[in-house]
Amino acid sequence: MARLTIFILLLVWLLPLHSSETVPLISLRVRVHLVQSVANPRLQTTLKEKEVRAIFDEVNSIWAQAGVRFELEAIEDLQALDSAPKRWYIKDRNWVKAAIPTNQLSLTAIDVCFVKDMGPNGFFYGEPVVVCQNPEFHKVSGGARNPVARVTAHELGHVLFLQHRQDHTNLMASGKNGVSLNSQEIKDARKRALEIVGQMPQP
Ligand SMILES: [Zn+2]
């Protein structure tokens, strides 16, 4: 009888582990914009399609822990608006955001724009996500291999309504290359991902 009780207890203990491995995958579409600009060379990314696909391979390996996958709808050049960066040194993000023509963003996907250089490594405060191809941060053990993939995965965390959390190995820590998410972040991100799937028009 005691053995049976131990067996049942063990089974109950193992079951949640097993079910977390079989969590349904949530797919979100992403459209990548390679920002081009002759007037403002800082904006012009040198990333090519092959590098973007490698970046998203790593983004998806980071987000696999939450059962969320980002599918590339398209990778295309995006001509920046020729807006003068009058006060970019104060509010760099706003200038970069203002140079992106919003009428060319996707209605059916999360938009991710890559630029060559800017103050922050990346930002998202409403569409689109903008990622710098030369981010700077401290390495932590077990962190992302590709710094740009880490920034992209972090900003997509903001898209999924995750806030910063300064645990140094966490994906949502700033200035580090950690990639881990805790169970609450996974739960919250999946909830928001399902809402996006429900709200976004189909292509
Ligand atoms: Zn952030």
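User: Does Ala99 count as buried or exposed?

Analyst: This is a predicted model, where local features need pLDDT of at least 70, side-chain atom pairs count only at pLDDT 80 or more, and totals for chains, interfaces and linings use all residues. Residues are numbered from 1 along each chain as its sequence is written. A residue is buried if 20 or more other C-beta atoms, placed from the backbone, lie within 10 Å of its own, exposed if 12 or fewer, and partly exposed in between. Ala99 has 25 C-beta neighbours inside 10 Å, so Ala99 counts as buried.

User: Where is the place of Ala99?

Analyst: Helices (H or I, at least four residues) and strands (E, at least two) are DSSP runs, numbered from the N terminus. Ala99 falls in the loop between helix 3 and strand 3.

User: How far apart in space are Ala99 and Val35, C-alpha to C-alpha?

Analyst: In sequence, 64 residues separate the two. In space, the C-alpha to C-alpha distance between Ala99 and Val35 is 9.6 Å.

User: Which residues does Ala99 touch?

Analyst: Two residues are in contact if their C-beta atoms, placed from the backbone, lie within 7 Å. Leaving out residues up to four places away in sequence, Ala99 touches Asn40, Leu43, Ala80, Leu81 and Ser83.

User: Which members of the largest nonpolar core touch the most other members?

Analyst: A nonpolar core is a set of buried Ala, Val, Leu, Ile, Met, Phe, Trp, Tyr and Cys residues joined through C-beta atoms within 7 Å. The largest one has 50 residues, and those touching the most other members are Val35, Val59, Cys113, Val115, Val129, Val131 and Ala153.

User: Is helix 2 parallel or oblique to helix 4?

Analyst: Axes are lines fitted to C-alpha atoms, for helices over the stretch in contact, and angles run from 0 to 180 degrees between N-to-C directions. Under 35 degrees is roughly parallel, over 145 roughly antiparallel, 65 to 115 roughly perpendicular, and the rest oblique. Helix 2 and helix 4 pack at about 50°, with axes 9 Å apart. That makes the relation of helix 2 to helix 4 oblique.

User: Which residues of helix 4 make the contact?

Analyst: Helix 2 brings Ile55, Glu58, Val59, Ile62 and Trp63 to the contact. Helix 4 brings Val148, Ala149, Thr152, Ala153 and Leu156.

User: How many helices and strands does the protein have?

Analyst: Along the sequence the pattern is α-β-α-β-α-β-β-β-α-α. The secondary structure comes to five helices and five strands.
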